[in-house]
Amino acid sequence: ALDRVYPWGALWCLLPAEDWPHMQELRQRYVAARKMIGLLPVGTRPGDDTPRLSFFWSLPRSDFERWQADGMAPWLDELHALWPQASARFAHLREAGQLARAVYRDAAMTRWHHGRMVLAGDAAHAMSPQLGQGVNMALLDAVTLRDALRRHGAGAE
């Protein structure tokens with residue numbers, strides 16, 4: 001039913017975890033939905049025992065070129081101001097080439113069910129993976145399905 005490029009993307013990279021105290025949880029900072037930043041512990045890479053954090057900065061796709069043209073300094077100042085507790089991680093960010101540009105698709109199935117099978121979350125309506133929104137949508141879908149089954153019954157076997 002829907003398949004288009006999502007207007008938001010992200011800058012993304014892996015950073016050394018070093019003394020990051022939150023190695024068992026995703027940590028995020030928001031300024032409404034306009035600015036989203038996150039650090040997620042992801043373990044080590046093959047042949048490299050350095051624990052890493054997946055870092056992302058949400059950014060409209062249309063701003064990628066402006067971000068690069070502005071240079072790293074103003075962006076790093078903004079990162080440090082928004083999340084001073086994570087500033088030591090950002091010291092590893094020195095040049096734009098360290099960051100991948102992630103672009104996503106916004107997609108939704110025409111039909112989300114067949115018999116007793118129901119698609120939920122990204123299987124039914126894919127969206128940006130930033131900030132765990134696919135998981136959030138899957139949980140909302142599960143609650144909606146539960147409520148519908150309670151209200152209308154489970155249907156025929």
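Here are some notes on this predicted model, point by point.

1. **Ground rules.** The model is predicted, with local features needing pLDDT of at least 70, side-chain atom pairs counting only at pLDDT 80 or more, and totals for chains, interfaces and linings using all residues. Residues are numbered from 1 along each chain as its sequence is written, and side-chain values use heavy atoms, with hydrogens and water left out.

2. **Confidence.** pLDDT is the predictor's confidence in each residue, from 0 to 100. The chain averages 89, and 94% of its residues reach 70 or more. Helices and strands here are DSSP runs (helices H or I, at least four residues; strands E, at least two), numbered from the N terminus. Of these elements, α2 has the highest mean pLDDT, 96, while strand β5 (residues 100-108) has the lowest, 86.

3. **The core.** Start your tour with the largest nonpolar core, which has 23 residues. A nonpolar core is a set of buried Ala, Val, Leu, Ile, Met, Phe, Trp, Tyr and Cys residues joined through side-chain atoms within 4.5 Å. Buried means under 20% relative accessible area, exposed over 50%, and partly exposed in between (1.4 Å probe, protein chains only). F55, W75, L79, L93 and L99 have the most contacts inside this core. At least two core residues come from each of β1 (2-16), β3 (35-45), β4 (48-60), α1 (64-70) and α2 (72-82). As background, nonpolar side chains in soluble globular proteins tend to be buried together.

4. **L99 up close.** Which residues does L99 touch, not counting those up to four places away in sequence? They are L11, W12, C13, F55, W67, M72, W75 and L93. Contact here means heavy atoms within 4.5 Å.

5. Two strands pair if DSSP finds at least two bridges between them. Strand β2 (residues 27-31) runs antiparallel to β3, and 5 bridges join them. V31 sits opposite K35 of β3. The β2-β3 hairpin has 3 residues between its strands, and A32 in the turn has a positive phi of about 50°. Moving on, β3 also pairs with β4, again antiparallel, over 7 bridges. In that pairing L39 stands opposite F55 of β4, and F55 is also on the list of core residues with the most contacts. The β3-β4 hairpin has 2 residues between its strands; G47 in the turn has a positive phi of about 80°.

6. **H92.** In the loop between α3 (87-90) and β5 you'll find H92. At 19% relative accessibility, H92 counts as buried. The side chains of H92 and E18 make a polar contact of 3.0 Å. Beyond four places in sequence, H92 touches L15, P16, E18 and Q98.

7. **Salt bridges.** A salt bridge is a side-chain nitrogen of Lys or Arg within 4 Å of a carboxyl oxygen of Asp or Glu, and the count comes to 10. One of them joins the side chains of R105 and D3 at 2.8 Å, N to O. That pair links distant parts of the chain, with R105 in strand β5 and D3 in strand β1, 102 residues apart. R105 is partly exposed at 42%, whereas D3 is exposed at 54%.

8. D70 and R66 form a salt bridge whose closest N and O atoms are 2.9 Å apart. About one helical turn separates D70 and R66, because they are 4 residues apart in helix α1. For R146 and D147, the closest N and O atoms of their salt bridge are 2.7 Å apart. R45, D48 and R52 are linked in a network of salt bridges.

Terms used. A polar contact is a pair of N or O atoms within 3.5 Å; within protein, one must be able to donate a hydrogen and the other to accept it, and residues adjacent in sequence count only if both atoms are side-chain atoms.
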